[in-house]
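Trainee: Could you show me how to read a pocket in a protein model?

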Amino acid sequence: MKKLLHRYKEIRSMKVGSSTWKLVYNHFEPSQESLREALCTLGNGYFATRGAFPEALASKIHYPGTYITGLYNRLGTHISDRTVFNEDIVNCPNWIFLTFKIGDGEWFYPSTGGIIFFQQVLDMRRGMLIRRIRFRDHKGRRTFIETERIVHMADPHLGAMQYIVTPENYSEWVTVRTMFDGTVLNAGVERYRQLNSKHWDPSSLGGFGKNVIYLSMRTNHSKIEVSQACRLRIFSGEQELKPSIKCLIKGKERIGQEFKILLNKRQSYKIEKVVSIYTSRDKGIHSPVHSAIESTHNSYRFSTLLRTHKQAWGKLWRRFDIQIEGDDFSQKALRLHIFHLLQVASVHNSNIDSGFPARGLHGEAYRGHIFWDEIFALSFFDLHIPEISKALLLYRCRRIGRAREAAKQAGYNGAMFPWQSASSGKEETQVIHLNPMSGTWGPDHSHLQRHVSFAVAYNVWQHYKRLNDLNFLISYGAELILSVAQFGASLAKYDSRDGRYHTEGLVGPDEFHEGLPGSKKPGLKDNAYTNLMIVWTLLKAKEVFSVLPEANRLRFLRKLRIDNEALMRWEEITRKMNVIINEEGIISQFDGYFDLEELDWDGYRKRYENIERMDRILKAEGDSPDNYKVSKQADVLMFFYLFPLQETEGIFKRLGYNLDKNILRKNYDYYLKRTSHGSTLSKVVFCFLAHLLGRSKDNWLLFQQVLESDLNDIQGDTTPEGIHAGVMAASVDIVLRGFTGVRTFEGIIRINPNLPENWHKIKLRFFYKERWSSLIITKQHVVIRIQGPIIKSVTIPVEVNGKLLQLPIGRTSTISLKKK
């Protein structure tokens, strides 16, 4: 915690801009550009574009990536005497390119230009990226450039940019060039560059009218066509200029536009570039090319698009914003997290078959795959726009057939969802993995993290409970939960020697441990988190049967072939699943964990600047994390992050074990000392549990680390490859479930606030049981207004600090927090 305290002081001293709505960069720093590009990504749930300079192509400094949600392609690469196939989210043709040259000079490129003023602003409230540059060329000519860019939140297919050029001390002819670049590769992650990365084949390109061009490319395996069209307009003041625009075709994968205009000194010229993007997967279109051309040709001025774009963002912020008084850093970081989450998944996802990518639409890390991160994110959407979370859950439900096939192939029953998922729902986890510290490839057994299936079931159940949506449960959720319960039961094997059920051949959330020391067989026995999640899932399956109408209950029993013998076995597993607990009350992460060696933490901290990825360090030294009590992230403790202590106590009691808050405290202390936090999600879990245990110092310092995970790239060169969407969502969850203590359970809104010392007030809204609630919390009061028409004698149950109240609808209620 001493290192955390030192880091916290550094964070508080950082200048993060004057507004809590903006990220402001006042200097061009090439070494920081890749991080800024990720943090300044603009998106709308359908597509997103990194915040790269429009004048730049891919280089060591810049990487102008654009990604469409759910757009994947599979390529093979020959590595280590085998062909490895990977399905990647595809970097789409670059639509933002635009540059100019003065007279016969060089094309403007910021990295080589004589910059004398620089400012870049991410305006989160309006969803805009603004950049201002003043530069001087070798002839002393000063030019001021201002760019404004949006990815339209109301129309998912539109992106637009306004490029304003002002010659400050000269008049001269200027040549402007813009382009669609289809030669792009997937080259945003260095460790993937040994793999094949060319995903595109040309389809068609050309011009339409005087100022529209289009480019259509097709992925070379999945055969998805992506079409882009661009309309270019030029203005001096409000007067539209109509220079002769030349169409430039360079091969089959690049098409551009070029024109010349005479710039007069101290007069500004606006170049508006409006782009439309469609794919052959989009619903309700005949041709992506025709749709893109038509949308662009009929597009409005940039100012009009900006107005409707801001209106769409305004509606979102009225629902999602969390207002904090007393802590500008936390306020800014939380808004940044909310902003990016709404760009990863938005209302447009209702029309898209796509999951929740762990690294957002901000880069190519993890190949754009879907892991278990939605377990940290679904409550964020459930409590504000549940249609978004439903769309993300339907991505899983539509792939239940593939999950059944996977379970059958592995020798199990039910539905087994993959650790890494992409387009089809098959397991996409690579069989070998590159260690960047040693430069060698080694086996990857992370697909054995079967707990992801129980995370999917958890998300479905929580969505049903928050929304009380029985139709969703009947149509989609029940079958998924019951199928995952079948899978969980088939993992458990009874041992008559101890009268307990056991699991083996699994890997827990920790990930560092893939087997026992010296064992040639991958996987572990009795991972505590997995075993407990199996028990929870089987209990919820039983509850599903109790809430389903009789006809639906019988239908699922027949369809899934669940008989009384299976139900009796499920019941027995929920009472006899094995969890290893020593005499001190420490829950063993897996069978054999207590026999491992202790790691020399102090020695490794002295030898390495960063020891978060101890697995890579140990393997590079010829050792293995399997030999030590060292965890990448919270494993045992993850169960306590998901469920209230009362519920976990009930499950342990059912299994014949004692559990209380003191035992949780012991496990928190034990595993905190043995965790390297190699995943950004690790600090989320420890932070929340520190709050639960009253460890205010630990809680606050860990919360600051969670907030700066991406903002300051605390893991070192990971955020440039894509944000950590799960952590961003979890930071909001810590605020809601932790600091405000808001929980929605069994029809009751529960509020148990415990604000950080320097937070004077917090304001937020949430959606529950078809109603919006507005909440203000201070150190003295809770003020709540449940929206709706005032109906006499109709109230809503709200529990504040354990006291149950019946509050009226449509009126503001103030509850004192002072102890009498």
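Predicted model: local features only at pLDDT ≥ 70, side-chain atom pairs only at ≥ 80, totals over all residues.

Trainee: What share of the 820 residues is buried?

Mentor: Buried residues (under 20% relative accessible area, 1.4 Å probe, protein chains only) make up 62% of the chain.

Trainee: How is empty space found?

Mentor: Rolling a probe the size of a water molecule over the atoms shows where empty space is left. On a 1 Å grid over the protein atoms alone, a pocket is an open set of points where a 1.4 Å probe fits, with protein on both sides within 12 Å along at least five of seven lines. Here, the second largest pocket holds about 1,300 Å³, a volume being the space filled by probe spheres set on the points.

Trainee: Which residues are closest to the centre of that pocket?

Mentor: Phe643, Pro644, Arg737, Arg743 and Phe745, out of 46 lining residues, meaning those with an atom within 4 Å of a point.

Trainee: Which element gives the most to the lining?

Mentor: Helix 9 does, with seven residues; helices are DSSP runs of H or I, at least four residues, and strands are runs of E, at least two. Among the other contributors of two or more residues are helix 21 (725-739) and strand 25 (742-745).

Trainee: How many lining residues fall in each class?

Mentor: The lining has 21 nonpolar, 13 polar and 12 charged residues, with Asp, Glu, Lys and Arg counted as charged.

Key
Residues numbered from 1 in each chain as written. Heavy atoms only, no water. Buried < 20%, exposed > 50% of the residue type's maximum accessible area, 1.4 Å probe, protein only.
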